[in-house]
Amino acid sequence: MRIFVAGATGAIGRPLLAQLLAKGHQVVALTRSPEKAKALVQQGVEPAIADVFDPDAVKAAVSHAQPDVVIEQLTAYPKTYTRESMSAAAALNTRIRLEGGANVLAAAQTAGVRRYLRQSIGFWAIPGTGLADEETPLSLDASPAVAADAKIVTEIERRLLTTPNIEGIALRYGFFYGPGTWFHPDGDVANQVRQQQFPIVGKGEGVWSWLHIEDAAIATVAAAERGNPGIYLIADDHPLAVRNWLPAFARWLDAPPPPQVSVAEALQYAGADAVYYGTQMRGMSNAKAKRELNFQPRSLEWLIGSAVAHTH
């Protein structure tokens with residue numbers, strides 16, 4: 001198939017391009033940078049140069065590409081994972097997802113594209129017992145940044161899944177780890193853990209769902225090839241509470257054990273969002289992706305050979 005990728009140079013974009021090429025697809029990737037366009041050509045990818053905020057340029061790029069499928073991975077996350085850096089990046093990240101994404105979706109519709117996949121987020125499901133599934137709504141009344149982003153993601157999904165004449169697929173990913181992510185030995189969270197700046201909050205009951213960046217790419221290609229319209233939760237088999245995964249991550253990094261702080265302390269110095277992530281996050285089920293996409297995620301790399309129980 002001919003597949004047009006928007007957001008091809010981010011953490012997931014690089015392995016996604018590699019997976020698409022390995023499966024024999026013709027790939028066109030959107031970039032606004034002539035330098036990045038040269039690098040894409042060297043990978044065997046056809047570049048389409050346009051600014052995602054220029055609707056006419058995006059329409060021309062998609063129309064010229066004539067793809068069967070569009071995969072949208074547009075985000076603007078910072079290299080550091082701190083309250084300050086995330087707040088600073090929020091406006092551009094919101095704009096690129098809402099306005100940039102709307103431009104790509106409109107261009108796809110105009111060009112008669114059959115199928116459209118976009119990045120979404122699966123770990124903000126409303127708190128509750130057991131694992132969230134595709135029917136579980138996102139938590140629109142959570143802590144401030146989580147609630148704001150959950151509203152954006154819900155709107156983006158609604159917009160895609162109600163667009164006429166397009167098979168829309170929303171991929172709600174878990175937390176990325178692996179090369180190019182925050183959760184990698186050279187990533188920012190690893191540095192924070194080494195410096196004991198990433199604590200367990202309260203009892204560490206927040207349950208995180210993990211996804212290796214290359215598994216994200218593999219699942220995305222499978223969804224492009226044979227997924228059904230709708231939502232897929234994409235994560236590994238073992239969602240884990242912070243109290244389980246964080247000490248294991250520290251050991252894997254040869255870092256000191258993470259400190260433990262009370263909810264009150266975390267509220268004071270890190271804010272309500274840190275408390276939500278540390279104590280209220282709900283794990284997600286990958287049963288649909290395994291059933292319909294033959295998704296077979298790898299085990300979390302810092303737990304291999306460790307004694308951490310695979311408990312929710």
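The briefing that follows goes from the whole chain to its sheet, its nonpolar cores and one tryptophan.

The model is a predicted one, and its protein chain contains 11 helices and 13 strands. Seven of the strands form an open parallel sheet, while the largest nonpolar core has 34 residues.

**Overall dimensions and packing**

- Taken along the principal axes, the box filled by the C-alpha atoms is roughly 55 × 40 × 40 Å.
- Of the 312 residues, 54% count as buried, and the accessible surface of the chain comes to about 13400 Å², with 53% of it belonging to carbon and sulfur atoms.
- Among contacts with a separation of 6 or more, 78% are made by residues 24 or more positions apart in the chain.

**The parallel sheet**

- The strand order across the open sheet is E3-E2-E1-E4-E5-E6-E11, with strand E3 (46–49) and strand E11 (230–234) as the edge strands, each of which pairs on one side only.
- Neighbouring strands of this sheet are turned against each other by 20° on average, direction ignored.
- Strands of a sheet pair through backbone hydrogen bonds, either parallel or antiparallel.
- Strand E6 (residues 167–173) pairs with E11 in the parallel sense over five bridges, and within this pairing Ala170 has Ile231 of E11 as its bridge partner.
- Although E11 is an edge strand, five of its five residues are buried, so E11 is largely enclosed by the rest of the structure.
- Helix H3 (residues 55–65) lies across strand E1 (2–6), strand E2 (26–31) and E3, and runs at about 160° to E1.

**The nonpolar cores**

- In soluble globular proteins, nonpolar side chains tend to be buried together.
- Within the largest nonpolar core, of 34 residues, those with the most contacts inside it are Trp124, Phe183, Trp208, Trp245, Phe249, Tyr277 and Trp302.
- Two or more residues of this core come from each of helix H5 (144–161), strand E7 (175–177), helix H6 (188–194), helix H8 (242–252) and helix H10 (272–279), and the largest share, six residues, comes from H8.
- Another core, of 32 residues, lies apart from this one and includes Val27, Leu40, Ile169 and Ala219.
- Leaving out residues up to four places away in sequence, Phe183 touches Phe175, Phe176, Tyr177, Gly178, Val189, Trp208, Trp210, Trp245, Phe249 and Trp302.
- In H10, the buried residues are Val275, Tyr276, Tyr277 and Gly278, and they pack against H5, E7, strand E8 (200–201), strand E9 (207–208), H8 and helix H9 (263–269).

**Trp245 in its setting**

- Trp245 lies in helix H8 and is one of the residues with the most contacts inside the largest nonpolar core.
- Is Trp245 buried or exposed? Its relative accessibility is 0%, and because residues under 20% count as buried, Trp245 is classed as buried.
- Apart from neighbours within four places in sequence, Trp245 is in contact with Phe183, Phe198, Trp208, Trp210, Leu240 and Trp302.
- Trp245 and Gly204 are 41 residues apart in sequence, while their C-alpha atoms are 9.7 Å apart in space.

Notes:
Residues are numbered from 1 along each chain as its sequence is written. This is a predicted model: local features need pLDDT of at least 70, side-chain atom pairs count only at pLDDT 80 or more; totals for chains, interfaces and linings use all residues. Side-chain values use heavy atoms; hydrogens and water are left out. Two strands pair if DSSP finds at least two bridges between them. Helices (H or I, at least four residues) and strands (E, at least two) are DSSP runs, numbered from the N terminus. Axes are lines fitted to C-alpha atoms, for helices over the stretch in contact, and angles run from 0 to 180 degrees between N-to-C directions. Contact means heavy atoms within 4.5 Å. Buried means under 20% relative accessible area, exposed over 50%, partly exposed in between (1.4 Å probe, protein chains only). Accessible areas come from the Shrake-Rupley method with a 1.4 Å probe; for residues, only the protein chains shown count as cover. A nonpolar core is a set of buried Ala, Val, Leu, Ile, Met, Phe, Trp, Tyr and Cys residues joined through side-chain atoms within 4.5 Å.
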